[in-house]
Amino acid sequence: MTIGDLIRLLSDGEFHSGEQLGERLGVSRAAVWKQLRKLEALGIPMEAVKGQGYRLAEPLELLDGGVIVAGLSRGVRQHVTRLFVEETLPSSNQFLRERFAQGAGHGEVCLVEQQSAGKGRRGRTWVTPWGRTLMLSVGWRFESGVAALEGLSLAVGVALARVLEAHGVRPRLKWPNDVLLEGEDGRLGKLAGILVEMSGDAAGPCEVVVGMGINVDLPQAFRETIEQPVGAVHDQAPGLSRNRLAVELLDVLMPLMATFEQQGFAAWQEEWNRRHAFAGREVDVIRGERRESAVAESVDASGNLWVRRAEGRERLAGGEISIRGQG
């Protein structure tokens with residue numbers, strides 16, 4: 001029995017006794033009790049009523065690999081060699097890196113309900129509540145080498161923005177790999193992060209894993225534990241299902257991966273700049289421990305960000321930026 005098995009039974013909105021749950025899952029009541037305690041520890045709110053049993057306090061939609069594959073358009077399905085849906089992993093990117101090490105990985109997709117060691121910006125851990133985000137990684141083998149993949153993480157940001165905009169969400173893009181959402185207080189909070197990891201030859205075949213972590217439905221209590229402003233898809237599109245979002249995202253993402261070597265970032269540049277969160281604004285350029293003030297301009301066809309300082313313009317190929325005073 002897994003946590004997912006238990007949630008599937010409890011998510012019908014009905015009350016279930018410990019005895020019923022044990023029978024359905026083929027385990028003892030003690031084992032059920034242990035898993036119920038785990039749900040509480042994962043921040044999944046439960047209701048318990050004496051004489052009636054247990055149910056989830058609010059519905060939780062689980063990821064469903066069959067539903068996602070069936071929803072993909074035929075052309076996109078040809079690009080997906082295998083789709084994994086896991087309950088918990090240290091990291092979906094790491095899972096696909098290991099698949100590459102085993103000789104697989106290309107065209108593979110991994111979705112996970114919760115990551116225990118996902119990576120965010122500057123090597124920080126990206127912690128997520130169980131079942132309330134969309135954690136998705138795609139593996140792809142490119143022939144032309146790392147140099148041909150400049151701007152890939154920015155193009156992925158545009159792909160996600162396109163999908164969300166179709167549902168009335170208004171995301172903004174932050175160079176080089178964040179997707180932001182404006183909150184009710186007018187501050188931009190992090191909606192999604194993109195992590196592209198590459199290994200292989202600078203000029204020859206290389207293996208790439210593109211990982212995305214998207215906040216779909218973040219409980220207020222969880223938001224209060226995070227030190228920076230955050231946003232979630234359901235803030236602006238409360239009815240959007242995680243499985244639907246996965247389908248629509250893969251419908252854009254897989255063709256992007258298949259054509260990026262030929263098209264490069266130039267095909268996505270204008271769309272990125274149109275959604276640029278900080279164009280013309282004063283920002284801090286962060287490189288290691290160094291912070292320098294500059295005015296953000298646009299990104300070029302290689303995905304580099306141009307900034308302007310008193311001593312002239314500079315092209316940033318690495319590092320990151322933040323709005324002054326916002327970390």
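## Pairing of S9 and S10

Two strands are taken as paired if DSSP finds at least two bridges between them. In this predicted model, strand S9, covering residues 178-182, and strand S10, covering residues 188-200, run antiparallel and are joined by five bridges. Within this arrangement, Glu-182 is the residue that stands opposite Leu-188 in S10.

## The open sheet

S9 and S10 belong to an open sheet of seven strands, in which the order is S3-S4-S7-S11-S10-S9-S8 and the pairing is mixed. The edges are formed by strand S3 (82-89) and strand S8 (172-174), and because each of these has a single partner strand, one side of each is left without a neighbour in the sheet. On average, and with direction ignored, neighbouring strands of this sheet are turned by 20 degrees against each other.

## Helix H10 across the sheet

Helix H10, which comprises residues 242-263, lies across S3, strand S4 (108-115), strand S7 (133-142) and strand S11 (206-215), and it runs at about 20 degrees to S7.

## Packing of H10 against H11

H10 also packs with helix H11 (residues 266-274), at an angle of about 105 degrees and with the two axes 9 Å apart. Since angles of 65 to 115 degrees count as roughly perpendicular, H10 is therefore described as roughly perpendicular to H11.

On the H10 side of this contact are Leu-256, Phe-260 and Gln-263, which meet Ala-266, Ala-267 and Trp-268 in H11.

Terms used. Residues are numbered from 1 along each chain as its sequence is written. This is a predicted model: local features need pLDDT of at least 70, side-chain atom pairs count only at pLDDT 80 or more; totals for chains, interfaces and linings use all residues. Side-chain values use heavy atoms; hydrogens and water are left out. Helices (H or I, at least four residues) and strands (E, at least two) are DSSP runs, numbered from the N terminus. Axes are lines fitted to C-alpha atoms, for helices over the stretch in contact, and angles run from 0 to 180 degrees between N-to-C directions. Contact means heavy atoms within 4.5 Å. Angles under 35 degrees count as roughly parallel, over 145 as roughly antiparallel, 65 to 115 as roughly perpendicular and the rest as oblique.
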